[in-house]
Amino acid sequence: MTAVRRVPTQPIEGQKPGTSGLRKKTRVFMTPGYLENYAEATLQAVGVKGATLILGGDGRFFNDKAAQILLKMAAAHGAARVVVGRGALLSTPAASALIRARRAQGGFIMSASHNPGGLDADFGLKFNMANGGPAPESVTDAIFALTKKLSEYLILEAPDVDLARLGESRLGEMVVEVVDPVECWRETVAPLFDFEAIRALFASGFQMRFDAMHAVTGPYAKAILEGDLGAPAGTVINGEPSPDFGGGHPDPNPVWAKPLMDEMYGPAAPDFGAASDGDGDRNMIVGRSCYVSPSDSLAVLAANAPLAPGYAEGLAGVARSMPTSRAADRVAAARGMNFFETPTGWKFFGNLLDAGKVTLCGEESAGTGSDHVREKDGLWAVLLWLNILAARRQSVAEILQAHWREFGRDYYTRHDYEALDSAFAEGLMNDLCAALPSLPGKSFAGLAVEKADEFAYRDPVDGSLTERQGIRIYFAGDARAVLRLSGTGTEGATLRIYLERFEPDPARHAQDPQEALADLAAAVEALTHLRASSGREGPDVRT
Ligand code: VG1
Ligand code: CO
């Protein structure tokens, strides 16, 4: 027997979606009514009567229980069908691919991405729209408004659905269809690449290591790298998704993917290394003793994408988030492509991709993607790199150095100060904003400010305006510092400081980025007194 139950709730404060959906401590999400309140607001805001929806997550703690709640709530709201990845697993790009392939009205993705998982770690929920991309701000604003005034939520009283078995079952009137989480994504990306050339590369003895970081991409990477492309078993490491990601941070950067970095810089390094994050949308690329910064990776991919069959006709354009380095801009200018600078977060790329204005998008935070889905896609980026390596038959280091010779090098680093007191961090940003008009002409630690502003974005497709997206300070010598507060943290405030400088001279391309940008970091400290006033000795993470 199934019946719709109306459960009275109190409106909940603080369910404001951030850069990528709602992200909170797992225990908070598990508080009775908390997930339900946010889901109710989402279901009401988007309207799902008669709809097909997609559901899956990165397998973190509470993923399975949350999936049952979301299914029963979707059924109570009259959804016709929910397509779920087996075991309630779907990577973020796979969910995006499924939404598009099944012409669904949208989908729930359960993930806190690169944040750690577990009862004492983080959980998250995001909703993607019919184009496969993150809900735009108009929708997330509507969801947030509803979370603050709901008095009840609807849920079907029914036994849990068996999500371990492929096939269809019923939840009241609604069909639940359990599908293989890999298949649709694989069919979406495979035609984009020259698998024959990549197979030949592996057959020639080319060695690769892919670190799935105990997160969702293990099954995807094994199927495509060790399966379709013939890479030897053991190419994929940490390939079993686990609820707490093996106790680590599934964040593919040199800090959290240190074992992979050590191997790639060690004596027996393979030719190519890569890693992906909790929900499979980020990527790290590293050659033998050669880390590729995400900003450089975007630029290299933009310059070389036509080597892959899916992009053989060239790219319409490239878009990057504002704090991402300007390396991609140079490729766009040289190749006569469209170029756009958007606020942080993938939701701002959707309109540009839908309108055909750009083909490739990327962020400094290790996100790259194309118009094949409406999310960043970690393994897609790895496959495009493999296709380029197979076509050029050069090492990662050779490709990167040639790129810098042609376009110049953009030295880049990001310094994160985590878990700062929220009021302190907001105060610092507000003070800096107020001081912006007075900065040009002044010098800090010997570097002169030329221009300073706060980034606002007018969407070229729908005309919407998004303000307060970070402070940009341009220094003499083609250097730039950006400061913004993170929208994905779950503890206090995280201040991100993005530092970069353009260096056209190939004779000076060999420097370590931390050294090349030390004077810029000092200028930011002289301007903000961040270390002095927070008592911190330095950033928690440098990437
Ligand atoms: C961070 C990154 C941003 C990315 C977002 C979601 O946001 O900086 O570039 O889009 O995470 O990525 P923030 O607001 O903390 O800087 V993921 O892999 O969490 O979906
Ligand atoms: Co992610």
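About 80 Å³ of space lies in the second largest cavity. The exercises below concern a predicted model.

**Exercise 1.** Determine which elements line the second largest cavity, and how its lining residues divide by class.

*Solution.* 
Step 1. List the lining: His415, Tyr417, Ile497, Leu499, Ala521, Val524, Glu525, Thr528, Leu530 and Arg531.
Step 2. Two or more of them come from each of strand S19 (409-420), strand S26, helix H17 (518-528) and helix H18 (530-534).
Step 3. Find the main contributor. H17 gives the most to this lining, with four residues.
Step 4. Sort by class. The lining of the second largest cavity has six nonpolar, two polar and two charged residues.

**Exercise 2.** State how many cavities of 30 Å³ or more the structure holds, and describe the lining of the largest cavity.

*Solution.* 
Step 1. Count the cavities: there are four of 30 Å³ or more.
Step 2. Take the largest cavity, which contains about 110 Å³ of space. It is lined by 16 residues, and those closest to its centre are Gly21, Lys126, Phe127, Ala135 and Thr140.
Step 3. Identify the elements. Strand S6 (122-129) and helix H5 each supply at least two lining residues, and S6 gives the most, with four.
Step 4. Sort by class. The lining of the largest cavity comprises seven nonpolar, six polar and three charged residues.

**Exercise 3.** Describe the second largest pocket by its volume, its elements and the classes of its lining residues.

*Solution.* 
Step 1. Give the volume: about 1200 Å³ of space lies in this pocket. Among its 36 lining residues, Lys16, Gly18, Leu485, Ser486 and Gly487 are the closest to the centre.
Step 2. Name the elements that each supply at least two lining residues: strand S2 (22-25), helix H5 (137-147), helix H15 (422-435), strand S25 (479-485) and strand S26 (493-503).
Step 3. Sort by class. The lining of the second largest pocket holds seven nonpolar, 17 polar and 12 charged residues.

**Exercise 4.** Characterise the shell around ligand 1 by class, and give the distances from side chains to oxygen atoms of ligand 1 for Ser20, Ser113 and Arg282.

*Solution.* 
Step 1. Identify the shell. Ligand 1 is surrounded by 20 residues, of which Thr19, Ser113, Ser365, Thr488 and Arg496 are the closest.
Step 2. Sort by class: the shell has no nonpolar, 10 polar and 10 charged residues.
Step 3. Read the distances. From an oxygen atom of ligand 1, a polar side-chain atom of Ser113 lies 2.5 Å away. For an N or O atom in the side chain of Arg282, the distance to an oxygen atom of ligand 1 is 2.7 Å. A polar side-chain atom of Ser20 lies 3.4 Å from an oxygen atom of ligand 1.

**Exercise 5.** Explain why the buried residues of helix H7 lie on the same side, and state how many residues of helix H10 are buried.

*Solution.* 
Step 1. List the buried residues of H7 (residues 195-203): Phe195, Ile198, Leu201 and Phe202.
Step 2. Consider their directions. These residues lie on the same side of H7 because they cover an arc of only 120° around the axis.
Step 3. Examine the face turned away from the buried side of H7. This face carries the exposed residues Glu196 and Ala203.
Step 4. Turn to H10 (residues 294-304), which is mostly covered, with 11 of its 11 residues buried. The buried residues of H10 include Pro294, Asp296, Leu298 and Asn304.

How values were computed. Residues are numbered from 1 along each chain as its sequence is written. Chains are lettered from A and ligands numbered from 1 in the order in which they are written. This is a predicted model: local features need pLDDT of at least 70, side-chain atom pairs count only at pLDDT 80 or more; totals for chains, interfaces and linings use all residues. Side-chain values use heavy atoms; hydrogens and water are left out. On a 1 Å grid over the protein atoms alone, a cavity is a set of points where a 1.4 Å probe fits but cannot get out, and a pocket is an open set with protein on both sides within 12 Å along at least five of seven lines; lining residues have an atom within 4 Å of a point. Grid points are joined across faces, edges and corners, and a volume is the space filled by probe spheres set on the points. Ala, Val, Leu, Ile, Met, Phe, Trp, Tyr, Cys and Pro count as nonpolar, Asp, Glu, Lys and Arg as charged, and the others, Gly among them, as polar. A residue is near a molecule or strand if one of its heavy atoms lies within 4 Å of it. A polar contact is a pair of N or O atoms within 3.5 Å; within protein, one must be able to donate a hydrogen and the other to accept it, and residues adjacent in sequence count only if both atoms are side-chain atoms. Buried means under 20% relative accessible area, exposed over 50%, partly exposed in between (1.4 Å probe, protein chains only). The arc is that of the directions from the helix axis to the C-beta atoms.
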